[in-house]
Amino acid sequence: MSEDVFVGYMHAGQVAGDFCQSLARMVFHDSRSNRRIHTVTSLHTGPRIAEARSLMVDKFIESDCDWFLMIDSDMTFARTALDDLLAVASRGERPIVGGLCFVADK
């Protein structure tokens, strides 16, 4: 069975370098291991973030992908974040999983 993943994020016109680096590391890691990431797309949004999230879900539904990873553009994450989430996901028992987000002290 296919494991194609659709990755989507919203932004207000710009994204932080730390986010870009996290996304690039995750995509590169996936390309060297499982090759599950099929699509990475973004939507420009203003204060109507809920509407943008709904539009992103519509884009996922229109795709041929099996899984949807929505990430916020003000976050950073491990290169293995997708692996970790899919390791506990299950189409039958856990079709929706999420990760906890913490504010890191710099």
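Is cysteine 65 buried or exposed? Cysteine 65 counts as buried because its relative accessibility is 10%, where buried means under 20% relative accessible area, exposed over 50%, and partly exposed in between (1.4 Å probe, protein chains only).

The model is predicted: local features need pLDDT of at least 70, side-chain atom pairs count only at pLDDT 80 or more, and totals for chains, interfaces and linings use all residues. Residues are numbered from 1 along each chain as its sequence is written, and side-chain values use heavy atoms, with hydrogens and water left out.

| Residue | Relative accessibility | Class |
|---|---|---|
| Cysteine 20 | 37% | partly exposed |
| Cysteine 65 | 10% | buried |
| Serine 73 | 16% | buried |

The structure holds zero disulfides, a disulfide being a pair of cysteine sulfur atoms within 2.5 Å.

Serine 73 is found in the loop between strand 3 and helix 3; helices (H or I, at least four residues) and strands (E, at least two) are DSSP runs, numbered from the N terminus. A polar atom of the serine 73 side chain lies 2.8 Å from the backbone oxygen of methionine 10. Leaving aside residues up to four places away in sequence, serine 73 touches Tyr9, Met10, His11, Val15, Ala16 and Phe19, with contact meaning heavy atoms within 4.5 Å.

Strand 3 also supplies the largest share of the lining of the largest pocket, six residues. At least two lining residues come from each of helix 1 (17–32), helix 2 (49–62), strand 3 (67–72) and helix 3 (81–88).

Conventions. Polar contact = N/O pair within 3.5 Å; in protein donor to acceptor, adjacent residues only side chain to side chain.
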